[in-house]
Amino acid sequence: MSDKNDRAVGRAAGRSAAEASRPGEIDRFLGAARRLAPLAAGTAGRLVFALDATMSRQPTWDLACSLQGRMFEVAAKGSESGGGLAVQLVYFRGLGECRASGWVGEPGRLKGLMGRIACEGGQTQIARVLRHVRDEARRVPLRAFVFVGDAMEEDANVLAGLAGELGLRGIRGFVFQEGNDPVAARAFAAIARLTGGAHARFDVSAPASLLELLRAAAAYAAGGRAAMLRLAGESPAVKGLIAAMDGER
């Protein structure tokens, strides 16, 4: 990624006490406040858009690149602040590479960034993504993040602990899974549940399924639950996400 504002996402030195689930913590996470304070008038809603860019992901990466502009379109209609959407691209690939772009407010620029990135073999680094979301939320108002992937090769307890932290901060996770890997499904569902977000599967051969999921997440980032509800009348996928957010906690 050649954007001048991009940066490496730091690797934590070890597992902290906050990253391991302990008795009673899950109930506390699930009972946490559900909403962030509204963004200041005239500012963009913010969405961290994180993708697994390991080797098997190239077709999905290319699909996401072709669809990302529609997130900006739906956010422009649903923004409660009048500022549309700002997206930060985060990806991991290869031997420990995990990077984040600057905040991007134009679909053409985001597409340009994504078009210069090729997927490379490697293991998942979802914990680094979640830590980055947590740390970014300390700097800027952040309501939601998207993660798109198909595998999980990490400590599920660490991911649950980090997801719980995000849930306590009111940051919703929209976790979109390609395929049916059961290990990934359990971990992704837990991340969504602990953040108060939603987990859904999609098929890369059916682009409309991923498109509707991304539009829903962008609507939430820009305008919260009300913006998602406005989309629900035209999209069964959006209805499913709202039902997951309301009932699968």
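The model is predicted.

**Helix α9**
- Helix α9 comprises 12 residues, 236–247, which at 1.5 Å a residue should span 16 Å; the C-alpha atoms at its ends lie 16 Å apart, in agreement with that value.
- The buried residues in α9 are Val238, Leu241, Ile242, Ala244 and Met245.
- Viewed down the helix axis, the buried residues of α9 fall within an arc of 160°, and therefore they line one face of the helix.
- Pro236 and Gly247 are exposed and sit on the face of α9 turned away from its buried side.

**Packing of α6 and α7**
- Helix α6 (residues 156–168) packs with helix α7 (residues 182–195) at an angle of about 25°, and their axes are 7 Å apart.
- This angle makes α6 roughly parallel to α7, since angles under 35 degrees count as roughly parallel.
- The two helices, α6 and α7, have a right-handed crossing.
- On the α6 side, the contact is made by Leu159, Ala160, Ala163, Gly164, Leu166 and Gly167; on the α7 side, by Ile191, Leu194 and Thr195.

- Thr54 is located in the loop between β2 (45–52) and α2 (58–67).
- The relative accessible area of Thr54 is 7%, under the 20% limit for a buried residue, so Thr54 is buried.
- Neighbours within four places in sequence aside, Thr54 is in contact with Phe92, Arg93, Cys119, Glu120, Gly122 and Gln123.

Technical notes
Residues numbered from 1 in each chain as written. Predicted model: local features only at pLDDT ≥ 70, side-chain atom pairs only at ≥ 80, totals over all residues. Heavy atoms only, no water. Helix = DSSP H or I, 4+ residues; strand = E, 2+ residues; numbered from the N terminus. Expected span 1.5 Å × (residues − 1). Buried < 20%, exposed > 50% of the residue type's maximum accessible area, 1.4 Å probe, protein only. Arc of directions from axis to C-beta. Contact = heavy atoms within 4.5 Å. Axes fitted to C-alpha atoms, helices over the stretch in contact; angles between N-to-C directions. Parallel < 35°, antiparallel > 145°, perpendicular 65-115°, else oblique. Left-handed = near helix turned anticlockwise from the far one by under 90°.
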